[in-house]
Amino acid sequence: MNWTLIVDHLPALPEMVLLAGASALMIVDARSKDPQRRATYIGAQLVLAACLLATGFVLWGSGAEGERRFVLFDGLFVADLMGHVLKLVCYAAVSTALVYSRRYLLERGLMRGEFVTLLLFSLLGMMVMISANSLLTVYLGLELMSLCLYAMVALDRDSPLATEAAMKYFVLGALASGLLLYGMSMIYGATGALNLNDIALRLAVMAGNASDRHFLAFGVVFVVAGIAFKLGVAPFHMWIPDVYHGAPTPVTLVVGSGPKLAAFAMAVRLLVNGLLPLAQDWQLMLALLAVLSMAIGNITAIAQTNIKRMLAYSAIANMGFLLLGLLSGVVGGNLRSAPDAYSTALFYAITYAIMSVGAFGMVLLLSRAGFEADKLEDFRGLNRRSPWYAFLMMLLMLSLAGLPPTVGFYAKLAVLQSAVAAGQVWLAVAAVVLSLIGAFYYLRVVKLMYFDEMSDSQVAALPETGMDVRVLLSLNGLAILFFGLFPYPLLNLCLKAIEAL
Amino acid sequence: MLLSLAIWVPIVAGLAVLAVGGDERAPLQRQLALIGAVVGFVVTIPLYTQFQPANAGMQFEQLVQWIPRFGINYHLGVDGISVLFILLNSFITILVVIAGWTVVESRVGQYYASFLVLSGLLNGVFAALDAVLFYVFFEATLIPMFIIIGVWGGPNRVYAAVKFFLYTLFGSLLMLVALLYLYGRSGSFAILDWHQLPLTLSEQKWLFFGLLFAFAVKVPMWPVHTWLPDAHTEAPTGGSVVLAAILLKLGAYGFIRFTLPILPDASRELAWLMIAASLIAVVYIGFVALVQADMKRLIAYSSISHMGFVTLGFFVFNAYGVEGALVQMISHGFVSAAMFFCVGVVYDRMHTRMIADYGGVVNTMPKFAALMMLFSMANSGLPGTSGFVGEFMVIMGAMQASFWLAFLAATTLVLGAAYTLWMYKRVIFGAVANAQVSSLKDLNSNEVIVLGALAVAVLAMGIYPLPFTEVMHASVDELLRHVALTKI
């Protein structure tokens, strides 16, 4: 046996574990006759735990500060601290999604093996995207993730809304993949390299060559458009509201958390690892996208009556905010503040994932058989029905609005700080004015829960929910407060992760 | 440590009240809240007794690293300017807890928890020496106040609460950008470091307007005052009291902690603007107060007019003006709190705030009428009450700057007397207006404690203001020295 071969590929252990585990689960599930799919559910959690251990093992092997960077498979795959951190958050998000959605799926007869295995395979796609070091791996991971998600959106076959959403998601997603691929091919054509590090090296050498520059600029435009599609920032956001609204809530929860992290990782890998010498081109594009997203997201969210749609527009606005961190790295060709700026964006992505999971978890908590709890009205008088969950939801909303002492405030503070440090004061002013507009619709949820009394049609008692959901949801809400009071460890981790790139 | 206690004792007490449970345990929650408020006040007393008035710098400092990545520290400290507000706030909190004792019956725990948490956060604003810490406390006060107005407020409470929230948030977000810019220039979030930071005049002007929105909305200055009458009218009595007595002071405090020492050149350059807005507040809002039919609205407008005096005092840049403004802030804390408590007393019995529904209250509530007389006099600035001291000092300060300034400012003595005493006359004197008035009961023991404590404070400060002013001398002199130096 060739031990060195095995040892060399150990940094990809989490992916291997997940692949093997998910495949095994498929077989287990096919033989299972249990309508509750207990074995599949527990198996999936065990697979996630094994992934956690595997990533822990890789982290343990990458130095005291996690600074070692492993490049495998001829440069196709990279395992670094940013990847480990994002993967860990993704495991947590997927595992939480499984816990939150179990009751919902059982009540609707949707707790089938497909959901679990598709979820795990989409996670594998995210992990490949996160660890991609070549244009090919980026695309491979993206397609694996997206195809699983398309199918998951259509999980509830009898719902016309879900089918329509899946169709839209598929068509627009395919278009986005096409754009991305087109941009990649141009970049490949200009540089002759697929590996992101090679692309960066060649670009640095080619700088100033005018004819290539136009060609490259086109490539960058298409790549940025593809990334914008996957992040869901305006004007490439059209699929977000329909998919968030139409998909079953557990799937919305998944779409709103892990894939955002993966798309963020894709943006960092492509733009920062690969196309950094062209930063001046893509930073300007990101600035436009950011302002548009914050404007469209925040203003349109006000008009929504469905909380899933509202959170969809909130996602658009928040992703615009996240771009503020990505676009302030390079100031006049100077890279000094780049790690700071990118780490604020990473911090934003992680905290947003925590908030998003919590908010959709609340929607799932209130839903019951035959009742979705996805109208804003359904939150009316929640303080009377359950002060604790109302308090948690208030924390989540205030955090999304960016108010202290919640973690959302530090996320906004950090990206605004990097924008101001990069001399983009006007962008920062635009961002705060638009987030003020945004505060209105988050406040409306607080208003409904605290100021309004229940309407007659509402059922006073909350649905019966397992202890696991209650504990996890409480922890999720309190994490918002905890990281709000002590944001430093996470901020520092993000900085280290970016510095290890 | 003392300052940390002043901040965290009320907050922890508030959370403990919440943890007790629902309305079925209300008596226990009330007792717990009172204990929390009293302990919260007791821990602030050493801040005064151990304060060294000759020392112009920060005292009782505490510095702990919080977010080293951005140089953000948990840095607390008070000087002669801020120490009194912490005491005032903790004192008012006790009164608010007592005043709500029998009045609040639904969601008692949440009511008291909101006020206790708010009290701790407000102490934090006055004690913070780190800009981000200041901002966190400043902004976090919005949440409990939003809930207080929205849950226990009047019929139009939702509109008032949202308006209050969005107005204030707009200002503070612009302030956030200004603070980040200052961080970019200095590499530090320490407010005291910024006092030394050189800035060009145009930078100072931009920053001045960035900060102005945040503080002007909070004060509130004309023309961004329109949220206040709505918020005051709809808030429950305790909410109005804290809003008038403490929250309004945050804006004025911001001017004196940030704008004046950090942006001295812009402050001098743009003083005309601030003085003009202050005088409009004093005179125009005084007239507006005169025509109000709703008692709470009238007192709200009177608050705006009095706060105009405060901003006027700051921007004449002399010791009389600044000290007078500070005294006026504290006095207004007592007097406006007392006025809102008075309205609360009759509102709880009659469930109307309209002046027209009252008349002849003195016949059935003589004790109340006597106490309200004192507070009305203080509100109109009668010598011997706290209201006189501050106004007199500010007018003296304005006189040093210009006669006409002082002349216009002094019209408040006429206008203030007119709107306050006219309201008093219509509510208290005259024939008994209706059957409801004739069946009114005089003050109960809780109300006597609350109004009596405030009456003592108002008289003590009016007759012997030295204990209040001697604390602030050194710090005000230091501040004025900063303002006189150019930073360009």
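This is a predicted model: local features need pLDDT of at least 70, side-chain atom pairs count only at pLDDT 80 or more; totals for chains, interfaces and linings use all residues.
Local features need pLDDT of at least 70 and side-chain atom pairs count only at pLDDT 80 or more, while totals for chains, interfaces and linings use all residues. Residues are numbered from 1 along each chain as its sequence is written, and chains are lettered from A and ligands numbered from 1 in the order in which they are written.

**Figure 1. Chain A as a whole.** Chain A has 21 helices and two strands; helices (H or I, at least four residues) and strands (E, at least two) are DSSP runs, numbered from the N terminus. Its radius of gyration is 22 Å, close to the 23 Å that the globule rule gives for 501 residues, so chain A is as compact as a globular protein of that length. The radius is taken over C-alpha atoms, and the globule rule is 2.2 Å times the number of residues to the power 0.38. Along the principal axes, the C-alpha trace of chain A spans about 70 × 60 × 45 Å. Of the 501 residues, 59% count as buried. A residue is buried if 20 or more other C-beta atoms lie within 10 Å of its own, exposed if 12 or fewer, and partly exposed in between, with C-beta atoms placed from the backbone. Among contacts in chain A between residues at least 6 apart in sequence, 80% join residues at least 24 apart; two residues are in contact if their C-beta atoms, placed from the backbone, lie within 7 Å.

**Figure 2. Chain B as a whole.** The secondary structure of chain B comes to 23 helices and two strands. With a radius of gyration of 21 Å, close to the 23 Å that the globule rule gives for 488 residues, chain B is as compact as a globular protein of that length. Its C-alpha atoms fill a box of roughly 70 × 55 × 40 Å along the principal axes. Buried residues make up 61% of the 488 residues. Of the contacts in chain B with a separation of 6 or more, 80% are between residues 24 or more positions apart.

**Figure 3. The side of chain B that touches chain A.** The contact takes 25 residues from chain A and 27 residues from chain B. On chain B, strand E1 (59-67), helix H6 (131-140), helix H7 (142-152) and helix H8 (157-186) each supply at least two residues. H8(B) gives the largest share, 15 residues. By class, this side of chain B has 22 nonpolar, two polar and three charged residues. Ala, Val, Leu, Ile, Met, Phe, Trp, Tyr, Cys and Pro count as nonpolar, Asp, Glu, Lys and Arg as charged, and the others, Gly among them, as polar.

**Figure 4. Packing of H7(B) against H8(B).** The two helices pack at an angle of about 165°, with their axes 8 Å apart. That makes H7(B) roughly antiparallel to H8(B). Axes are lines fitted to C-alpha atoms, for helices over the stretch in contact, and angles run from 0 to 180 degrees between N-to-C directions. Angles under 35 degrees count as roughly parallel, over 145 as roughly antiparallel, 65 to 115 as roughly perpendicular and the rest as oblique. The crossing of H7(B) and H8(B) is right-handed; a crossing is left-handed if the near helix is turned anticlockwise from the far one by less than a right angle, and right-handed if clockwise. Residues of H7(B) in the contact include Leu142(B), Met145(B) and Phe146(B), and those of H8(B) include Phe164(B), Phe165(B) and Leu169(B). The contact has ten nonpolar, two polar and one charged residues.

**Figure 5. Crossing of H16(B) and H23(B).** The axes of helix H16 (residues 319-350) and helix H23 (residues 466-484) of chain B come within 10 Å and cross at roughly 135°. That makes H16(B) oblique to H23(B). H16(B) passes H23(B) in a right-handed crossing. Among the residues in contact are Val322(B), Leu326(B) and Ile330(B) of H16(B), with Met472(B), Val476(B) and Leu480(B) of H23(B). By class, the contact has ten nonpolar, one polar and two charged residues.

**Figure 6. Cis peptide bonds.** In chain A, a cis peptide bond joins Ala234(A) and Pro235(A), with omega about 0°. Pro235(A) lies in the loop between helix H9 (210-231) and helix H10 (239-246) of chain A. In chain B, a cis peptide bond joins Val219(B) and Pro220(B), with omega about -15°. Pro220(B) is in the loop between helix H10 (201-218) and helix H11 (227-234) of chain B.

Figure 7. Phe60(B), a residue other than glycine, has a positive phi near 55°. Phe60(B) is found in strand E1 of chain B and counts as buried, with 20 C-beta neighbours inside 10 Å. Arg107(B) is not a glycine either, and its phi is about 50°. Arg107(B) is found in the loop between helix H4 (83-99) and helix H5 (108-127) of chain B, and is buried, with 20 other C-beta atoms within 10 Å.
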